[in-house]
Amino acid sequence: MFHRLSSSFSRSIIFPKSRSFPQHLRHAPILSYSSLKMTDTQTPDNLKTPNSSPIPSPTKPETLRSLEFQMGSCFSVDPIIPPPNQIVIVISGPSGVGKDAVINKLREVRQGLHFVVTATSRPMRPGEVDGKDYFFVSREQFLSMVEKEELLEYALVYGEYKGIPKKQIQEFMAKGEDIVLRVDIQGAQTLRRILGSSAVFVFIVAESELAMVERLIDRKTESQEELLVRVATAREEVRHLKKFDYVVVNAKGRLDDAVNRVESIIDAEKSKVHQRVVRI
Ligand SMILES: Nc1ncnc2c1ncn2[C@@H]1O[C@H](COP(=O)(O)OP(=O)(O)OP(=O)(O)O)[C@@H](O)[C@H]1O
């Protein structure tokens, strides 16, 4: 290193021909051999002068200017890589695995995400809030949205319509937010056809079938008949796992772990060299 520096500095300096090289740097101090920082103990004997005064070290700005001069251009303050693209993350899984629980927690702990509010024709459950949990609309209103092509995807789920309003996604992506969609397996399949690999698909599972069924029973929002349909459907739905990009286990009492895992997926996606590009 020492040899390379000293020999290059001892040669005459040729000004770069680049037009971009700023005028003021043409007069910038050039680091010479004598200005290289070197403590007395490191100085070779044959270079020591009697009663030599301490050699002043170049300041940081001087070093920078000198390096810029030798590189032939100024160092840019622009980011080396552009900011990551916004992502669309689709969270799905069988009924009762805890999709809403994961999403509600994610909402609390992570900034910069927009959780798309799905439109549905199903009646409100106790504790649900219109515009927060879902946009509750009549069947007629829902079908009118379908006709006007205002929905990215829609489906008839357990006898009720559910659909994703396109405008909401476009608006929040324009604001720089990442989009979280919460859909059932049927919806995820349709979204995969529409969005392909431009979106990230995450499958939430319970640790076991029994745990999932117990959660549904404990939730006390379905009748015995409805429970049977959901459980039978869930058993079939687990087979769709292979069409997803990631799987997250939401084990009993371990909701935070599941949410951390989803956050890690978002972080990994944001760090991808080849970013996904979503157009809706
Ligand atoms: N990790 C967990 N440990 C214990 N209970 C949980 C956990 N995750 C969710 N639950 C509970 O399980 C029940 C079902 O969860 P949730 O409603 O979020 O499921 P879901 O997948 O959104 O269901 P659906 O698709 O039917 O709407 C809820 O009562 C919820 O509080």
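**View 1. Composition of the shell around the ligand.** The residues of this shell divide into 3 nonpolar, 6 polar and 7 charged; Ala, Val, Leu, Ile, Met, Phe, Trp, Tyr, Cys and Pro count as nonpolar, Asp, Glu, Lys and Arg as charged, and the others, Gly among them, as polar. The model is predicted: local features need pLDDT of at least 70, side-chain atom pairs count only at pLDDT 80 or more, and totals for chains, interfaces and linings use all residues. Residues are numbered from 1 along each chain as its sequence is written.

View 2. The ligand is surrounded by 16 residues, the closest being Gly 98, Lys 99, Asp 100, Ala 101 and Arg 215 (C-beta atom, placed from the backbone, within 6 Å of the molecule). Two or more residues of this shell come from each of α3 (99–109) and α7 (209–219); helices are DSSP runs of H or I, at least four residues, numbered from the N terminus.

**View 3. Crossing of α7 and α8.** The axes of α7 and helix α8 (residues 224–237) come within 11 Å and cross at roughly 155° (lines fitted to C-alpha atoms over the stretch in contact, with angles from 0 to 180 degrees between N-to-C directions). Helix α7 is therefore roughly antiparallel to α8, a term for angles over 145 degrees.

**View 4. Contact between α7 and α8.** Glu 209, Met 212, Val 213, Leu 216 and Ile 217 in α7 meet Leu 227, Arg 230, Val 231, Ala 234 and Arg 235 in α8 (C-beta atoms, placed from the backbone, within 7 Å). The residues of this contact comprise 7 nonpolar, no polar and 3 charged.

Conventions: Parallel < 35°, antiparallel > 145°, perpendicular 65-115°, else oblique. Contact = placed C-beta atoms within 7 Å.
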